[in-house]
Amino acid sequence: MNRTELGALLVAADLRKTYGATPALDGASIEINTGEVVAVMGPSGSGKSTLLHCLAAIVTPDGGSVRYAGQELSTMSDRGRSAQRQSDFGFVFQFGQLVPEPTCGENVALPLRLNGVRRQASARGREWLERLEVAELADRHPGKVSGGQAQRVAVARAPAPGPRVVFADEPTGALDSLTGERVMHLLTSAARESGAAVVLVTHETRVAAYSDREVVVRDGRTPTAHRVPAARP
Amino acid sequence: MSHRISPTAHRGAAFGRVRAAVMGARFAVSRASWPRTLLMVVGIGLGTALLLLASALPGMLDARERRGAAIVETASDRLAVPGENTLVIVYANTEYGDRDVRGRLVRAEGARPPVPPGLRALPGPGEMAISPALARLLEPPAGALLRERLPYRVVATIGDDGLTGPADLSYYAGSATLTAADGSRVDRFGTPQASARLGPLLTLLAVTALVVVLTPVAVFVAVASRFGADARERRLAALRLIGADLSTTGWIAAGEALAAAAGGLTAGLALFLLGRSVIGSVELWQLSVFPADVRPAPVLAALVVTAMPLIAVAATWAGLRGVVIEPLEVVRRAPRPPRRGWRIVPGLTGAVLLLTLTNGGGTRGGGWAPWLAAAGIVLVLVGLTALLPGGVSAVAARSGRGPLPWLLARRRLAADAAGSTRLVAGVTVAVAGAIAVQMLLAGLAGSFTTQTGQDPNRADLNVSTTSDPTGATALATTVGVRSAFTFTATSARVRGAAGDNEIPLVVGTCTALREIAAVRACTPGDVFTVTPPQGGPRVGPGSVVELAMTGRDRPMAWTVPRSTTEVAAAADPVRQSRYGLFLTPEALGTDGRSAAGRQITFLRLDPNRHDAADRVRNAATRIDPSASILTLTTTRTACSRTSAAASSPARP
Ligand SMILES: Nc1ncnc2c1ncn2[C@@H]1O[C@H](COP(=O)(O)OP(=O)(O)OP(=O)(O)O)[C@@H](O)[C@H]1O
Ligand SMILES: [Mg+2]
C-alpha cells in the first residue's frame, strides 16, 4: 500500500453503469479520504445517486472499480458487500430507509443489533436520537412521525454504529431550510467527531457548504474530479 | 488484499442466523405485523388441532374396542353346573325413545362371582348399577317412564372401565330367581381384544375429510402469508441497506414464520385440549368418546409438531424465491413463461383414478381401493386448487373491454391471480370436498343400511314375552295402543314320527291367524296347517301331537281334527313366514289352560302419543323383565346399533 491509498479511503475509477439504454454513469471517478466531507453535486438525472450507490456497494457497476480500504468492492459477493455495509458504512437517504415495524429508537439500534450488539444497542440508539434532538420520537413508529422527523431519525441512525463512511443522498430534501441546516450541522459534526468520511449528494449549495470539497457530476461523468493531495487533519 | 472480517462472520454463521431469526420473530409480533401473524397463527392452529385429532383417531378406536371387549361376558368351556364363581346373566336391553339401553340381569350362583368392569360388587336382588348417562336419562320427569321399567334401587354407578363411552346407557340389575335356562352362565368378563382397524370405507372417509378440512386451512395459511408481503419485502429491503445479506434476510423471514408457527402450534395444542375436554359431552350416532381415550399417537404428534415450523419456513422461502430484495428496492422476477401444463396433471390423474375405480364397481384395486379412491379425491381437489388461479388469470387476461372499474379489477386479477384466486380456490375445494364427504357418507350409510323387510304399516312394535294369559290384555290395553294381535308360538312333538319330530305350533285368535297365514274363513275352534317348504314332519287329520301347557308338568296329547284346513303361508309384519299347525284357542279345549311358549304380540300405536312405545315397553317388561321388544323399521343402520343392540339369547 502506498501513501495515497492510505489517505484515500474510497477510490472509484472509470465507473460505468447503464440502465437499459440509459447510461447513468459513463466513466465517473472519485476519491474519498478518511474523515473528509465531500459534496457530490450536479443537475437532476446526472447520475449522482447512481454514483453514491456504486460507492456504497449497493449497486454493482458494469465497469470500472471501487476500492475501499484496499479491497475491490465491485466484484465482491453480496455477502461481502453486505458485511461491508453493515460494519463500515452508514446511510441517510431521502426516504425508505427506516424499517416500519420497530420504533424509531429501535430503528437507530437496528444496525447495532445486526452487528451483534445486544445490551447497549437500545441505549446507544436513544443517545443518538438525543444528539439529533428527537429523543421524544424513541417510542414512536416511523409511520407515525412526519417526514422531517423520520429524516432526523435516519440521520441519527447513520453514525450510531460508528461507520467509517456515511453516505447521504439529499438528506435534507424533506426538511425546511432551518431544520435542514441544523441537521446538516449535527450530521457533519457527528461524523467529524468520530472521524467518519461523508459522501453527500445534494443540489443545494447551502448544504454543500458543509463539505470540505465538491465533486460535480454531469451526464454520468465527473469532469472536475481531481485528486486532493492530503486529507484534513 | 487485507480482508476485513465482519463481526457476523466472526461469531459464526449459526449465531448470525439465530440472531436474524430472533429479529424476525420480534418483527412478527410488532404492531405493524401482528394482524398477519395472527391470521397465520389461526390457520396453523386450526391445522395443528385437526391433525392432532386425526392422529388420535386410531387410538380412539382402539380404546373403544378395548373397552367393548372388556365388558363382554364370557363362559369357560364347561359351565353346565353352577359353581362358586359362576353368574347367570340375561340380556335385558331396551330402548327408550330412540336411544338404546344396554341391560343385563345378573344372579350370582356362588360366593365368588365375576364382577363386570366398572363395578365393585354385583347388584343384589332388586338393585341396579347404572351408567352416569343412564342416571341422567332416568331423571324425572323426562325419565319417568324408563324409571318405571327399571324399578330397581340404584346402588352404584358404573365406572368408566365398564363403558365404551361417556354417553353409554347401561345397567346391571340383580335378580334372585334367574336360572341358566333364562340366559347364560358365565364365569368371567372380557374377551381377547380384536384389533381395532378402520374399515376401508371409514378410512376413505377419514382421509378425505381430513384433506377437505386441511386444504382450505392450507390455502388460508398461504393467503395469510402473502398478506402484507409487500410491506415485509420493503422491510427486508430496508434491512439490506444497513447490511443484511440475502441469507440474513432469509433467516429474518424464517424467524417471522417460526414465530407464527410457534404461536400456531400453541394455539393448536390449546384448541386440541379444549376440543378434547368437550368431546366427552359430544355424542354422534349414539357414539361417544372419553377424553382420556383421545390421545394423539406420539410419532404422529411429533411429526405434526416438527413439520409445522418446517413447512412454514419452507413456504416463506418459496414465497421469497420470486423476488429479489436489493437494498432500496424490491425486484419481482419476471413471471416464468406460462407453463401451466403440469397443473392439469394431478386433477386429471385423480379423475382417471376415480373413474377406473367406479367402473370396476368399487371392486378394483382390492384392499387398496379405498386408498386409491382417497388418493383420487385428494388429487382432484389439489388439481382444482392448482388450476384455478391460472385459469382465472387466463380468463382475466383475455376478456374484453369494459368500464374502468372492471378494467382495473381485471388488471389486478391478471397480475396477481395467485393471491386473490387462491382464496376462491380454497372455498371451491372446501365445497367440492364437502360434497365428496357427503357422497361418501351417503355411500357409507348405504353400505351399513339394510332393508329389514319389516312392514311398519302393519305394526309398530313386536313384543315377545314368556306366555302369560293376562299379558296380551295388558299390552293391548296400554295407553296409546290402537290395535294389537297376539299369538303363542311354540312347538309340538309329533307322535310316531321318526328323527326330527318337532313341528311348529301357533295358537291365536282368528284375527291373529289371518295376519300370519293365508287364513280366510275362520271361526273359533278352527285348525289350519301350513306345509313347510323344506320338508320336515307332516301332520294331517288324525295325527297326534304332544305340547306343553301352562300350569301342567306333563305335555298334553292332542289329535289333529278332521276339519283341518290346509292354507298357504303368509309373511307376518316382520316378514317371517310361519308354518306347521295353526290353532284357534278353542280348538285346544276350554279347561282354561293355554299352550306354553313365546307370546308374540304385534301392536299399532297412536302416532300422536309419542310415549306410547315406551308405555308398551314398560308393560312388556312388567310381564317379563327380559322381554324382547322390536320397533319395526324399513331399514336398519349397522352403525347406530352397537353392542347394546344384541338381542336376547335365543330361547326355546
Ligand atoms: N433503477 C433505475 N432504473 C432505470 N434507470 C435508472 C435507475 N436509476 C437511475 N436511472 C437513470 O439513470 C440516470 C441517473 O439517475 P440518478 O438517480 O443517478 O440521477 P440523480 O443525479 O441522482 O438525479 P436526481 O438529482 O434527480 O436525484 C437517470 O437518467 C435515471 O433515469
Ligand atoms: Mg438522486
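In chain B of this predicted model, helix α3(B) and helix α8 (residues 246-279) pack at an angle of about 45 degrees, with their axes 6 Å apart. Local features here need pLDDT of at least 70 and side-chain atom pairs count only at pLDDT 80 or more, whereas totals for chains, interfaces and linings use all residues. Residues are numbered from 1 along each chain as its sequence is written, chains are lettered from A and ligands numbered from 1 in the order in which they are written, and side-chain values use heavy atoms, with hydrogens and water left out.

**Helix packing in chain B**

- α3(B) and α8(B) are therefore oblique to each other, where angles under 35 degrees count as roughly parallel, over 145 as roughly antiparallel, 65 to 115 as roughly perpendicular and the rest as oblique.
- The crossing of α3(B) and α8(B) is right-handed, a crossing being right-handed if the near helix is turned clockwise from the far one by less than a right angle, and left-handed if anticlockwise.
- Residues of α3(B), including R36(B), M40(B), I44(B), T48(B) and L52(B), meet residues of α8(B), among them E256(B), A260(B), G264(B), G268(B) and F272(B), with contact meaning heavy atoms within 4.5 Å.
- By class, this contact of α3(B) with α8(B) comprises 14 nonpolar, six polar and two charged residues (Ala, Val, Leu, Ile, Met, Phe, Trp, Tyr, Cys and Pro count as nonpolar, Asp, Glu, Lys and Arg as charged, and the others, Gly among them, as polar).
- Helix α3 (residues 34-70) of chain B also packs with helix α9 (residues 298-321) of chain B, at an angle of about 165 degrees and with the axes 9 Å apart, which makes α3(B) roughly antiparallel to α9(B).
- The α3(B) and α9(B) crossing is right-handed, and the contact is made by I44(B), G47(B), T48(B), L51(B), L52(B) and S55(B) of α3(B) with L300(B), A301(B), V304(B) and M308(B) of α9(B).

**Helix packing in chain A**

- Helix α4 (residues 104-114) and helix α5 (residues 121-131) of chain A pack at an angle of about 125 degrees, with their axes 8 Å apart, which makes α4(A) oblique to α5(A).
- In this pair, α4(A) passes α5(A) in a right-handed crossing, with V108(A) and L112(A) among the contact residues of α4(A), and W128(A) and L129(A) among those of α5(A).

**Ligand 1**

- Of the 13 residues around ligand 1, S44(A), G45(A), K48(A), S49(A) and T50(A) come nearest, a residue being near if one of its heavy atoms lies within 4 Å.
- A polar side-chain atom of S44(A) lies 2.5 Å from an oxygen atom of ligand 1, while backbone N or O atoms lie 2.8 Å from a ligand oxygen atom in the case of G45(A) and 3.0 Å in the case of G47(A).

**Backbone geometry**

- Most residues other than glycine have a negative phi, and most peptide bonds are trans.
- The peptide bond from P140(B) to P141(B) is cis, with omega near 5 degrees, and P141(B) lies in the loop between α4 (132-138) and α5 (144-149) of chain B.
- D219(A), although not a glycine, has a positive phi of about 50 degrees, and D219(A) lies in the segment after β9 (213-216) of chain A.

Conventions: Axes fitted to C-alpha atoms, helices over the stretch in contact; angles between N-to-C directions. Helix = DSSP H or I, 4+ residues; strand = E, 2+ residues; numbered from the N terminus. Polar contact = N/O pair within 3.5 Å; in protein donor to acceptor, adjacent residues only side chain to side chain.
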